[in-house]
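Here is a short tour of selected local features, written for someone who likes cut-offs stated plainly. Please have the viewer open as you read.

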Amino acid sequence: MKIAVKRFKELSVEEMYQILRIRSEVFVIEQRCIYQDIDGKDKKAIHVMGTNNNKIIAYTRILEGGEDYDFPSISRVVVKKENRGKDRGRKIMKESIKYIVEELKEKTIVLAAQKYLEKFYRELGFIAEGEEYLEDEIPHQKMILKLL
């Protein structure tokens, strides 16, 4: 899997199409969650894409501090169903963390984890903060990664 990191204006029409498609496939269809995915934040985001044969198979969206939280956040973490169980989620997350540390010069990262993925994020060093809550009828947990 190759990793590419781009700001919104650097994305091609094809890349944006693939990003919206993978997010829709997983969050709307697979998880049966009707919500407004196109939330106006993509224009401000840094897009981390994992590709195989020019097809996006893994993705995250980074928002700089001040958008959702005081610190940078990683959201819309997604891996195509047929590509799960191959460490692609771990790789895209590590690349997202690396970008935040090296390019944004930040050492604290926040995310809103779907509760069933809490163990996955804990293995990457994130720690739960606060109480579990519902977002779009799906249990979530705010998690924070603090690097030295």
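## Strand pairing around E8

Strand E7 (residues 133–135) pairs with E8 in the antiparallel sense over 3 bridges. Strands (E, at least two residues) and helices (H or I, at least four) are DSSP runs, numbered from the N terminus, and two strands pair if DSSP finds at least two bridges between them. This is a predicted model, in which local features need pLDDT of at least 70 and side-chain atom pairs count only at pLDDT 80 or more, while totals for chains, interfaces and linings use all residues. Residues are numbered from 1 along each chain as its sequence is written, and side-chain values use heavy atoms, with hydrogens and water left out.

| Strand paired with E8 | Residues | Bridges |
|---|---|---|
| E5 | 108–114 | 7 |
| E6 | 127–128 | 2 |
| E7 | 133–135 | 3 |

Strand E8 itself covers residues 138–146. Met 143 in E8 stands opposite Leu 111, and Met 143 is also the bridge partner of Ala 128. Further along, His 140 in E8 stands opposite Tyr 133. The hairpin of E7 and E8 has 2 residues between the strands, and Asp 136 takes a positive phi near 55° there.

## Two buried residues

What is the place of Lys 80 in the chain? Lys 80 belongs to the loop between strand E4 (73–79) and helix H2 (88–102). Its relative accessible area is 16%, so Lys 80 counts as buried (under 20% relative accessible area; exposed is over 50%, partly exposed in between, with a 1.4 Å probe and protein chains only). Leaving aside neighbours within four places in sequence, Lys 80 is in contact (heavy atoms within 4.5 Å) with Ile 22, Glu 25, Ile 56 and Ile 57. With Glu 25, the side chain of Lys 80 makes a polar contact of 2.7 Å; the term means a pair of N or O atoms within 3.5 Å where, within protein, one must be able to donate a hydrogen and the other to accept it, and residues adjacent in sequence count only if both atoms are side-chain atoms.

Ser 73 lies in strand E4 and is buried, at 1% relative accessible area. Not counting residues up to four places away in sequence, Ser 73 touches Arg 61, Ile 62, Leu 63, Asp 68 and Val 110.

## Positive phi in loops

Asn 54 has a positive phi near 65°. This residue sits in the loop between strand E2 (46–52) and strand E3 (55–63), and Asn 54 is exposed, with a relative accessible area of 69%. Asp 87 also has a positive phi near 65°, and its place is in the loop between E4 and H2.
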